[in-house]
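Work through the two exercises below with the model open. Each task is followed by a solution in steps.

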Amino acid sequence: MSELAGRPADPAVGTPVAHADAPLHATGAAVYTDDLAARRSDVLTAWPVQSQHAHALVTLDVDGALAVPGVVRVLTADDVPGVNDAGVKDDEPLFPSEAMFHGHALAWVLAETAEAARLGAAAVQVAYEPLPAIVTVAEAIEAGSFQGVPRTIRRGDPERVLGTAPHVFEGVSEVGGQEHFYLETHASLALVDSEGQVFVECSTQHPSETQEIVAHVLGLPSNRVTVQTLRMGGGFGGKEMQPHGFAAIAALGATLTGRPVRLRLNRTQDLTMTGKRHPFHIEWSAGFDDDGRILALATTLTSDGGWSLDLSEPVMGRALCHVDNAYWIPHFVAQGRIAKTNKVSQTAFRGFGGPQGMFVIEDILGRVAPALGIDAATLRRRNFYEPGQTTPYGQTVRHAERLHEIWARVRDESAFDERRALIAAFNAEHPDTKRALAITPVKFGISFTLTAYNQAGALVHVYKDGSVLVNHGGTEMGQGLHTKMLQVAATALGVPLESVRLAPTRTDKVPNTSATAASSGADLNGGAVKHACEQIRDRMAAVAGRLLGVDERDVRFSRGRVSGLGASGPSVTFAELAQAAYDQRVQLWAAGFYRTEGLHWDADRMQGEPFKYFAYGAAATEVEVDGFTGASRIRRVDIVHDVGDSLSPIVDLGQVEGGFVQGAGWLTLEELRWDETDGPGRGRLLTQSASTYKLPSFSEMPEVFNVGFYERATEDGVVYGSKAVGEPPLMLALSVREALREAVAAFGAAGHSVELASPATPEAVFWAIEDARRAAETTGTTDAADGSRRAQPAPAAAAPIDAARTLTPFDR
């Protein structure tokens, strides 16, 4: 085992401790960005002037706003001393002359109060010259409206194999977007200090990039801008790229007025101005042999990128890398392209394209299983990766045996076969209510696909009294990263957890950091924190050796005491040793650094080993569906997930549970709707609040929720043998959708392939049930005893493929 993965005796990691901020969260005492602004008396508030057209040239007249009492200034493009751009692709003007989506911020009003700023924004006169607006992916495809670089992953000769495979299926799958709906909306507070430093407190997952954007908007070097992130009230990827422009507005306002400026979006502004998870449109052809093994897959993925690139290219790249999920596909081609539409710029969301990629293959397997006459669970298991096999992009699937072991454990612990028999009996007795139990796997790659991002830094101080202060480059958004870093530092230094404190993330303490994203926060920052602590510990060990009369290589740090080997002999407290080290002029602070080893990726060829390892898991979900309304409920979920050797079991448990529920929301409830008419509201987001956008709540939680970790799962080469857990569990929720598909199928005849919209809302489920019933009426017979329908053999399809919606089998 590597030194990085090895654990000492009595480690702080691996122990179940509460989230470090839990008392503050539970009591409401936790301070967030806008709370800091509320404590100041001299702060100005920024308010946007939003476009009322999805696409138009605009001309502004701000005189009316300046006449509103309390308005101090209106920020426009003329005020920008540096670069008028809020992104990293040079395609996101901070102050646009062309509105690119309904709600686009055209200017910002600064005022003494939020009400004065709102009234000032309403007084700005905007002249529009409307332009054609593309709102849907279908419109973009028809118009050839694309952006970014298209990518392709290829292995073998899928076109040839599809021409000869015994069974070929073709279809179109669509999956919707998702709103982040973090509890804390986007917020920034900017001020200029007495030395001319621009200081920005920002709710951002990527402080270093926020720093860079603020600096180039202001025309300053990065050393004149400091960004701090105290904590976030949720992020989920929505605060990886999109905070930068808001921080730049606040910083620009503070620079021009000499006063602190706060910018906090209200909920409607946040919903209408910020990006979502990318919706995908997928065309596919899949070939199978007579035993149901996948022979070939050809697919084209088109994402809705919105008006600018943002992170759409790497999101598509990760989606292409996860189309295979857990399955060996010998002949494979996946093409990806990004549509340009007049919507908000879609951005990172937990899973970062991985969920959409996995959706492709899971939707295919769920749809073709009945046509092949193979149980869906059997079909999935039959196609699992075996040890030694490689992904379509060339990476060996290391520890593929874990997939098999996890799958078997879930089936056993969920009593899968026994409960399916009970469900069949229930369905036979209930013509208007059906249940189903489905199981799906997850194989998710961990690392940034941009290799340069796989690095992190940390700064650790040991004070003379033995207390420890840790700075690292990761940000805390509720996921428990700081809690894990406390445990890593306490383990590395051999001190009690309560003697370690985390400082807020700041760009002037740890520079050039990567975003807290890609599930890599603990891997990267944990490695850096451990490296810094080990430097200090090694220096202190030399002092302890002299003090205790032992070889420094035999010095041990544990539970706040320092001693030589063995239970007997002299020892000192960590605090006493820290004082002694200071007295001997030994450095008690260190900068740590970590870079992920073994990664290589050719983005042009889409080949290499972009991931440090794969996280595995499986979930079995039982649902019940009402045939009259399409309403469903999750009766039980059983999960086994591979987190390696957990750094913090309670934190990891919460991440698995929360990720699963968020994934279930994406797939079954959360439907974004836009005005697609040709009227004046074209392109307007219709689901602008919690009253129109359905989020998972306690009523959607599984009635029985069993989560277990895969044991004996040390991941060598990762900090203390752990594995990432932020994103992979979200995709376990694909089992919910597949269970809904099987429940819908129970209303019809055996062999019917259920096409299920995503999200599978009650309306979508109801219409799928109606389709199943109609299909049974035309191809099957009704068993009068129980009301269910039994399929009769259907003739092989001979008509051309309806590429718009239909799954069509061809038997050769």
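Buried means under 20% relative accessible area, exposed over 50%, and partly exposed in between (1.4 Å probe, protein chains only). Helices (H or I, at least four residues) and strands (E, at least two) are DSSP runs, numbered from the N terminus. The model is predicted: local features need pLDDT of at least 70, side-chain atom pairs count only at pLDDT 80 or more, and totals for chains, interfaces and linings use all residues. Residues are numbered from 1 along each chain as its sequence is written, and side-chain values use heavy atoms, with hydrogens and water left out.

**Exercise 1.** Explain why strand β17 is largely enclosed by the rest of the structure.

Step 1. Strand β17 covers residues 455–462, and six of its eight residues are buried, so the rest of the structure largely encloses it.

Step 2. Look for its partners; two strands pair if DSSP finds at least two bridges between them. β17 runs antiparallel to β24 (residues 589–595), with seven bridges, and L459 stands opposite A591 there.

Step 3. β17 is also antiparallel to β18 (residues 468–472), through five bridges; one of the facing pairs is V460 with V470.

Step 4. Five residues separate β17 and β18 in a hairpin, and G466 in the turn has a positive phi of about 90 degrees.

**Exercise 2.** Find which residues F660 touches, not counting residues up to four places away in sequence.

Step 1. Contact means heavy atoms within 4.5 Å.

Step 2. With those sequence neighbours left out, F660 touches A619, T621, V637, I639, P702, F705, P729, L730, L732, A733, S735 and V736.
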